[in-house]
Amino acid sequence: MNATSTDSPRDFSIEVVRTLKAHGHQALWAGGCVRDMLLGRDPQDFDVATDAPPERVRQIFGEKRTLAIGAAFGVITVQGGKKRGQIEVATFRQDVGYSDGRRPDEVRYTSAEEDAKRRDFTINGIFYDPDSAAIYDFVGGQIDLRDRLVRAIGDPNQRFDEDKLRMLRAIRFSSTFQFDLEMNTMRAIQRHARNIAVVSAERIAVEMRKMLCSPRRVDAVVLLRDSWLFPAVLPEIISVIDHAPRWTETLRTLRYLRGNDFATALAALLRFSAARELATGDPRKPIPQLAKVCQRWKLTNDETKDVQWLLRQVNVLQTAKDQPWPRLQRVLVDPRIRKLIDLAAAINDARMESPAHLDFVRERLGWSVERLNPLPVATGDDLIRAGLKPGRHFQGLLESIRDAQLLGEITTLDEALELARNWRPA
């Protein structure tokens, strides 16, 4: 490898291509990086396809600089260091059998043309030589890029039977790029939709995360409904889809959502699914419908807590001017307040309601830190030093002292201790 090469992943990928060529092999950019380049986008990841078998790739680049994690499928990862990243080098192949509906049972090494035909969509099946600027398109991908169309390569039923996750990828590509979903491809998704259940929930969650974090999230959600994927991917949403006013408001809320936070978008999507539990459940406990989704998708603890908190607290902002100040203050000083404002503002815009409550929230957030969130006038240690016996009641006692401080009823430690000595649990 050339030690003087630049630090960019793009230039590193070109270096990988040239190194393979220098050793007598064909090597081309493949997949998403070619698609993005032809769309005038800046590719984020670069994949290389070659006629060199995996063991030859490792021999050329050295075992210390390569990872053979995907060698069974003809893929070797070439490492370029911290700044240059890593490049997946895949041998041209044909896939034989997909028993698990996700990965090939066997791969056979072949030509670039045959490799293109086993890929998912025409727009992802184009090869490019970064040295000669030659394009190798065996599947009509350039035409579909021009026509803004997502089309499965060959028989769409076979493509989705091979790998069920491709159905969700079709929805994501269509919505993200604002491309139409080709008619036969859409019909095949509808025909195979229930089979998405064989894909691991974590992989489904990865695709859903990308779609909900996209500015085109509404298009994705509508396509998920029209493709009949929702019953298998997110059955919790079906009752909302069947309720026209709630479904319309959900779509409008997602459209008005300004941020790209996954937990906030998921909360907006599932707000009505959890409405009954929010109204009747214990506010101190997880919302069962949401907990089920988060658990199934194996979301992080932080994401799970964020979704729950956002839906528990959004009504506080929607009625901010009517809330007791201690309750509102605790919400405003939470680190997630900006996410909550994004959600509340989107709901507000979807309903075309007055912004008065949110204006009040923003005015209070403009206060100085000392005024918005003053240091507690008393701590648990203060109470213990004053002779009060600690116990389970301490949390409630400290909250009562904090409430009184925020309301301006007490301002000193002595006043707090006086309140504590006369306090009785509710």
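Predicted model: local features only at pLDDT ≥ 70, side-chain atom pairs only at ≥ 80, totals over all residues.
**View 1. The largest pocket and its centre.** The largest pocket has a volume of about 1800 Å³. Its lining counts 50 residues. Closest to the centre are Asp 47, Glu 88, Arg 119, Arg 169 and Arg 203.

**View 2. Helices and strands around the largest pocket.** Three helices each supply at least two lining residues: α2 (32-38), α7 (165-177) and α9 (201-212). Helix α7 gives the most, with 7 residues.

**View 3. Residue classes in the lining of the largest pocket.** Charged residues number 22 here. Another 18 lining residues are nonpolar, and 10 are polar.

**View 4. The second largest pocket and its centre.** This pocket has a volume of about 480 Å³. It is lined by 22 residues. Leu 278, Gln 308, Leu 311, Arg 312 and Gln 313 are the closest to its centre.

**View 5. Helices around the second largest pocket.** Both α15 (275-280) and α17 (301-318) supply at least two residues of this lining. Helix α17 gives the most, with 10 residues.

**View 6. Residue classes in the lining of the second largest pocket.** The lining has 9 nonpolar residues and 8 charged ones. A further 5 are polar.

Note on methods: Residues numbered from 1 in each chain as written. Heavy atoms only, no water. 1 Å grid on protein atoms, 1.4 Å probe; cavity = no way out; pocket = protein on both sides within 12 Å on 5 of 7 lines; lining within 4 Å. Points joined across faces, edges and corners; volume = space filled by probe spheres on them. Helix = DSSP H or I, 4+ residues; strand = E, 2+ residues; numbered from the N terminus. Nonpolar A, V, L, I, M, F, W, Y, C, P; charged D, E, K, R; others polar.
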